[in-house]
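Let's take a friendly walk through this model together. Have the sequence and the 3D view at hand as you read.

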Amino acid sequence: MRDIDGAPDPVDARLAARLTELRAEHGWSLEELAERTGVSRSTLSRAERAETSPTASLLNRLCAVYGRTMSRLLSEVEAEPALLVRAAEQPLWEDRSAGFVRRSVSPPHAGLRGELVEGRLTAGADIAYDRPPVPGLEQHIWVLDGALEVTAQDVGHRLGTGDCLRMRVWGPTRFRCAGPEDARYALAVVLP
């Protein structure tokens, strides 16, 4: 996202800088990163220059090659996480094109393996991830409002309000809100 003056959103700018740092830490060229992620060199370059706000799918692919959860990557562009995170201070990230809003309720913290995320999908939103950011990642998905369809290991699950799905993620996953109302869910993520 860009502001009225055309400057990148501050979070997008910090995210772009962190993505550039991660690639440099691994000693990869843009071409090498493109081969590892299956994302075009030009898309990666635009994301690293904050010319575009990365999509959830792009961030997931990058997290997979860097061995991070999305929350961990996003927390790295925020200030040092506090033990108590007030509602007004919980970082939000939005993929408007996908109809997805992600609130990092309990961001990752050094020494802790779990984190808590609130996800919101608009009616009709459909997000597919081709791989987990960390193989064997443990996830608990608790639907707070609406209905959510989750596919993992080629098995589909329809979750209604109050339902909880527990799983370890090894391959592709898909989150879909068929509607007619938006879906809001809590996602507990635990590193293996």
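**Rings, strands and helices**

At 4% relative accessibility, Phe100 counts as buried, because the cut-off for that label is under 20%. Please keep in mind that this is a predicted model. Trp93 is buried as well, with a relative accessibility of 6%. Trp93 and Phe100 form an aromatic pair, with 6.4 Å from centre to centre and 75° between the planes. That geometry is edge-to-face, because planes over 60 degrees apart fall in that class.

Let's move on to another pair of rings. Together with Tyr185, Tyr129 and Phe175 make up one aromatic cluster. In the model as a whole, the count of aromatic pairs is four.

Now for the sheet. Strands of a sheet pair through backbone hydrogen bonds, in either a parallel or an antiparallel manner. Here, six strands build an open sheet with antiparallel pairing, and their order is E1-E2-E3-E10-E5-E8. Which strands stand at the edges? They are strand E1 (92-95) and strand E8 (164-169); each has a single partner strand, so one side of each is left without a neighbour in the sheet. On average, neighbouring strands of this sheet are turned by 20° against each other, with direction ignored.

E1 pairs with strand E2 (residues 100-106) in the antiparallel sense, over four bridges. Asp95 has Phe100 in E2 as its bridge partner.

Finally, let's turn to the helices. Two packed helices are described by the angle between their axes and the distance between those axes. For helix H1 (residues 10-26) and helix H4 (residues 56-66), the angle is about 30° and the axes are 11 Å apart. H1 and H4 are therefore roughly parallel to each other, because the angle is under 35 degrees. The crossing in which H1 passes H4 is left-handed. On the H1 side, the contact is made by Leu15, Leu19, Leu22, Arg23 and His26. H4 contributes Leu59, Leu62 and Tyr66 to the contact.

Terms used. Residues are numbered from 1 along each chain as its sequence is written. This is a predicted model: local features need pLDDT of at least 70, side-chain atom pairs count only at pLDDT 80 or more; totals for chains, interfaces and linings use all residues. Side-chain values use heavy atoms; hydrogens and water are left out. Rings of Phe, Tyr and Trp (its six-membered ring) pair if their centres lie within 6.5 Å; planes under 30 degrees apart count as stacked, over 60 as edge-to-face and the rest as tilted. Buried means under 20% relative accessible area, exposed over 50%, partly exposed in between (1.4 Å probe, protein chains only). Two strands pair if DSSP finds at least two bridges between them. Helices (H or I, at least four residues) and strands (E, at least two) are DSSP runs, numbered from the N terminus. Axes are lines fitted to C-alpha atoms, for helices over the stretch in contact, and angles run from 0 to 180 degrees between N-to-C directions. Angles under 35 degrees count as roughly parallel, over 145 as roughly antiparallel, 65 to 115 as roughly perpendicular and the rest as oblique. A crossing is left-handed if the near helix is turned anticlockwise from the far one by less than a right angle, and right-handed if clockwise. Contact means heavy atoms within 4.5 Å.
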